[in-house]
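Dear colleague,

Please find below the structure that I am handing over to you.

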Amino acid sequence: MTYKIKQTQNISRGCMVCGVENDFGLKTRFHVTEENEVIAVFTPRQVHQSYPQITHGGITAAILDETIGRAIMPLTDSLAFGVTIELNVKYKKPVPYDVELKAMGRITRNNGRIFEGTGELYLPDGTVAATAEGKFLKRPLEKFTSAEFIKNHWFTPDDVPEEISIQPEVSSKAPG
């Protein structure tokens, strides 16, 4: 499926998930669809491995956590984040590294300060590798960081796509 992108979310310099200056980070980009879902695009590397050729499950959890937590931003503003209260991840397939991956997150319930959401991590062929659901506390960025960070380290990247495709999962079962 192809999603039209209406906005790209801010990233930072040092974050493990989105930081462009973190040598060991994922350098993830987060994009908002017309339906106010968030798509994360990233490429894990060998430094993110657990078993040979497999991305560590903690990286999978981190990307789903941040993608769902950021899904509140299109519904509020770019300076409101979800701070995780609880996160439940279900691992379905091994996640390779050195390939571009995508995660998608959305809000399923919003009670003001507390919200809930779900997300999926997709392999390049569209297979769902992991799912997550979580509960988050909505917090303004200024409540847990400085004005200097917001001014100098919180910015919109230049690479803004018009659309993003997530390939549909293809069944391997023979008809009949």
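The chain contains 2 helices and 10 strands, where helices (H or I, at least four residues) and strands (E, at least two) are DSSP runs numbered from the N terminus. Read from the N terminus, the order of the elements is β-β-β-β-α-β-β-β-β-α-β-β. The radius of gyration, taken over C-alpha atoms, is 16 Å, close to the 16 Å that the globule rule gives for 176 residues, so the chain is as compact as a globular protein of that length; the rule is 2.2 Å times the number of residues to the power 0.38.

This is a predicted model, in which local features need pLDDT of at least 70 and side-chain atom pairs count only at pLDDT 80 or more, while totals for chains, interfaces and linings use all residues. Residues are numbered from 1 along each chain as its sequence is written, and side-chain values use heavy atoms, with hydrogens and water left out.

Along the principal axes, the C-alpha atoms fill a box of roughly 60 × 35 × 30 Å. Of the 176 residues, 43% count as buried; buried means under 20% relative accessible area, exposed over 50%, and partly exposed in between (1.4 Å probe, protein chains only). Contact means heavy atoms within 4.5 Å. Among contacts between residues at least 6 apart in sequence, 65% join residues at least 24 apart.

The largest pocket has a volume of about 210 Å³. On a 1 Å grid over the protein atoms alone, a pocket is an open set of points where a 1.4 Å probe fits, with protein on both sides within 12 Å along at least five of seven lines, and lining residues have an atom within 4 Å of a point. The volume is the space filled by probe spheres set on the points, which are joined across faces, edges and corners. Of the 15 lining residues, C15, E66, F81, L141 and F144 are the closest to the centre of the pocket. Helix 1 (57-70) and strand 5 (80-91) each supply at least two residues of the lining. By class, the lining has 8 nonpolar, 4 polar and 3 charged residues; Ala, Val, Leu, Ile, Met, Phe, Trp, Tyr, Cys and Pro count as nonpolar, Asp, Glu, Lys and Arg as charged, and the others, Gly among them, as polar.

The structure holds 0 disulfides, a disulfide being a pair of cysteine sulfur atoms within 2.5 Å. The cysteine sulfur closest to that of C15 belongs to C18 and lies 3.8 Å away, too far for a bond. C15 is partly exposed at 24% relative accessibility, whereas C18 is buried at 1%.

A130, in strand 8 (residues 128-140), is buried with a relative accessible area of 0%. Beyond four places in sequence, the residues that A130 touches include T60, L64, V89 and L121. The C-alpha atoms of A130 and P94, 36 residues apart along the chain, are separated by 8.8 Å.

T55, in the loop between strand 4 (38-42) and helix 1, is buried at 4%. Its contacts beyond four places in sequence include P44, H48, V95 and Y97.

Finally, two backbone angles deserve mention. K27, in the loop between strand 2 (11-12) and strand 3 (29-33), has a positive phi of about 55 degrees although it is not a glycine. For N36, in the loop between strand 3 and strand 4, phi is near 65 degrees. K27 is partly exposed at 33% relative accessibility, and N36 is partly exposed at 22%.

Yours sincerely
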